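Colleague: Could you walk me through a few parts of this model? I would like to see how each answer is reached.

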Amino acid sequence: MKAEKLKKNEDDLEETVLAETMKDEEKAVSSWENKVAFVLCNHEKGSIFKALEECFKSNSLEMARSCLVISTWLIYMLSVLPDTGVRSAARKSLLDEFINVLQSTRNMEEKILATLALRTFVGDPAALEELGKHAKCIYSTLRKLKRSSPVITDVLKSLMNLSSVNPTELWSCTEVVEVESCANDEVLSLLHFKGRVISSHSDGTIKVWDAGKRVLRLIQEVRDHTKAVTCLYIPSSEDKLYSGSLDKTIRVWAIKPEEIHCIQVHDVKETVYELTANCKVACFVSQGPGVTVYRWSGVPKHININFNKTVKCLAMTGDTLYCGISGYSIQEVDLRKLTSTTFYSGTRKLLVKQSIYSLQIQDGLLFAGGSSVDGTAGKVFSHSSKAVTGSFSTGFDIQRIAVNDDFIFTATKSGIIEVWSKERVTRIASIKTGSGWHARITCLTSDMDGKMLYAGTSDGKIQAWSLD
């Protein structure tokens, strides 16, 4: 035993010494790198950047690529080294070259290197303003690259926050498909999940569509519910689908690559109009006031909300449930204590019906839309501090909201979808559905990458737009 303990102590000591040696070596390398970069950048007041600019124009692809790698490294090092006045020289010589590489090359590695350099320029106010002048030509390219590198999101957000950039000029969309599902009556709910769109219909049908190539292709149709499927929900942390119906059941579905499969049926004894759920609990709205909290063990608890007000919509994060209600307010329910408090109470007008119709939660923000009051139809809140971070300035009532990484989409009764910049919460465009004045937009969803938007209507159609 003593020998084993002695051997273990020796091994531990060896690992400690090795870790300390590696730290010392990393510090030495970092110090050497800083010194080399400092000398190169400050030689003759940044003359190296002018030389690199000329190398970018070389007819030798190998020379130009090497120049890109060295330039990207030096630009990054400038951001961590003391400012000696050479950053402006680097910007004047290389910013346009990086933009040209981003726009012209087909090589993904070269695009990512150019984007890394642009991300470094974002930290320099003067360089960011200069970059803003090119926003219109690079915005679309950056959006297409978002999945390739997280730093691209930082560049896009910085551009959208520039007062000199007009978001309206950056917006573009194209309708790519319209699917008829009239035989299934109204489209009541839509979700996008891992390259698929899932729709529910008023005849009790749930459909699964392959949306990988933008054109919707039906791959499954199930009719396990006996009445209208009013709502669908997939928690961000699970690969399970929850469906609520007028048949007084909530079904839990396993999501497989080519199909969904029902694994649980819960008889909740009440019609389900709105639903949100996770592995612990389902919260739903039925007829009458308040909201029902249903533990999967089968024990329901009804919570009266703000003096028996009618709940119009739900959103949940963790153990907190948000309820949009008639009377233009939002209630916050602690699901552990089953208590309700007021999160937001809007200005109420006499003789005017006012409600919050739609709630969405993403990136620490709560998006709320409802009746238009004095030219404002909703707000964006920090759900941790309750602070208002933006408002939807529109004369249209907001019936549905969808959110992705770049945009907020709000659907109105008149068949118009308004598009908002997520960063500024400013309206940048509007989309008219093709269903005409007689059909309502009943549901709205977008993929998280911000490439597609889908809308379901009361006349049984699903429309899709490519967000270029």
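**An open sheet, a helix pair and a serine**

Modeller: Four strands make an open sheet with antiparallel pairing, ordered β18-β19-β20-β21. This is a predicted model, where local features need pLDDT of at least 70, side-chain atom pairs count only at pLDDT 80 or more, and totals for chains, interfaces and linings use all residues. Residues are numbered from 1 along each chain as its sequence is written, and side-chain values use heavy atoms, leaving out hydrogens and water.

Colleague: Is S458 buried or exposed?

Modeller: S458 sits in the loop between β27 (452-457) and β28 (461-466). Buried means under 20% relative accessible area, exposed over 50%, and partly exposed in between, with a 1.4 Å probe and protein chains only. At 18% relative accessibility, S458 therefore counts as buried.

Colleague: How are α3 and α5 oriented to each other?

Modeller: The axes of α3 (residues 61-80) and α5 (residues 108-122) come within 9 Å and cross at roughly 25 degrees. Angles under 35 degrees count as roughly parallel, over 145 as roughly antiparallel, 65 to 115 as roughly perpendicular, and the rest as oblique. So α3 and α5 are roughly parallel.

Technical notes
Helices (H or I, at least four residues) and strands (E, at least two) are DSSP runs, numbered from the N terminus. Two strands pair if DSSP finds at least two bridges between them. Axes are lines fitted to C-alpha atoms, for helices over the stretch in contact, and angles run from 0 to 180 degrees between N-to-C directions.
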